[in-house]
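Please open the model in your viewer and keep the selection panel at hand, as this tour moves from one selection to the next.

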Amino acid sequence: MSTAIPTSQIHEETIRFADLLAENARLDNRLPADTDFTPEEMRRLQEQLNALEAIPKDQQSLFFLALSAKHLPALVSAVRSTSRATQKQAFSSYVQLLSLLPDPDKNPYFRKYIVSPEFAPLPTLVASAFVEGIQWLRPSGPGYVCSLIMHMLQWCDTSIGDDKRASIDKAVRLALREKCRELMGSAGWGDLDRYQQVEIQRLEGMLGPVEHMPTPPDQPGYYLQSSKDYLEGKIPGLYECNVCMDDDAPLQCSRCKSVKYCGKECQNKDWKKGHKLRCYEMVF
C-alpha cells in the first residue's frame, strides 16, 4: 500500500531542487568574464532539467515556482551580464531556464519580477538573441522561447521600448517577425513538436497588430497594455478572495503575498486545497 508524501516534504524537495539547479547554473557563483560552461557543467545542468521530463507537468511546475521565488533575480542578472559572443552555452542555458518557468498568470513570482526595473533590459535582449540565433536546449526550444517573448510583450511596460508601442525595440520586433516566418518555412519545421510550432505561429501573429493596431496618440502601447489588463483580470485571488471570489478581500497570504482572502476560513480552505504547495517566500 502506497503512502502519500507529506506536503512539507514535497515543499522541501522543490526548494532543494531549485537550489541545486541554481548551483549547477552558477547563478550565485558567476562565471568569470569570457569563460563559458565546461562540458561537465553543461552535462550536470542538462541532466537535472531532463530528469524532470519523467514527472507530470503539474508537478514540474512546482519545481520551477520554487526557482522563481528563490533565484529569479540571480537568473535575470545572469542573462543581463553573460556575453552572447564568448559565453554562448551559458547564455543559451539561462534563456532556456527562463523559458521553462510557468506563465506569469500562473506564476506569481515571475509575474511580480517581470515588471521590475531589473527585468526591463531583457525583452529586447532576449528577442535580439532569438533573431541572431542561440543554441536550442531541450527540454526547451524555439517555441518555448517564443512563449517567453510573448510574456514579455504582454506583461512588461511598453514604455521601455524605443517607440513605446512595446517593451521590445521596433527594429528588433520587425526582425523577430521575419525570424518566426523563416522558422515556419524552414526544412526543420516538421521536426518541431506541435506545441513549439503553435507558439512560433502565435508570436508571429501577435507582432502584426503591435505595429498596425490604431492606438490613441498619447498611448502608443494601448494594445499590449489592454492585453495585460485582460490577463490580470482573469487571475483568481489577485483582487478578490481566491476561494469564494468575494470582492471584499482584506487578507493576503503573508508568505508569498500573491493571493487574497475574505477571511481566515477561506484562507485555511485554500491552504489545505493546495496553496501550501505553491507558496514560497520571495527573495525580492
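Helices here are DSSP runs of H or I with at least four residues, numbered from the N terminus. The model is a predicted one, in which local features need pLDDT of at least 70 and side-chain atom pairs count only at pLDDT 80 or more, while totals for chains, interfaces and linings use all residues. Residues are numbered from 1 along each chain as its sequence is written, and side-chain values use heavy atoms, with hydrogens and water left out.

Begin by colouring domain 1 (1-119), domain 2 (123-133 + 144-235) and domain 3 (236-283), whose bounds come from an automatic or database domain assignment. Taken over C-alpha atoms, the centres of domain 1 and domain 2 are 23 Å apart, and their contact (heavy atoms within 4.5 Å) takes 17 residues from domain 1 and 15 residues from domain 2.

Next select Arg84 and Glu132, which form a salt bridge (a side-chain nitrogen of Lys or Arg within 4 Å of a carboxyl oxygen of Asp or Glu) with the closest N and O atoms 2.9 Å apart.

Then select Ile149, which touches Val126, Ala127, Phe130, Ile168, Leu176 and Leu203, residues up to four places away in sequence not being counted.

Finish at Asp270 in helix α11 (residues 264-278). Leaving aside neighbours within four places in sequence, Asp270 is in contact with Asn242, Val243, Tyr261 and His275.

Methods:
Helix = DSSP H or I, 4+ residues; strand = E, 2+ residues; numbered from the N terminus.
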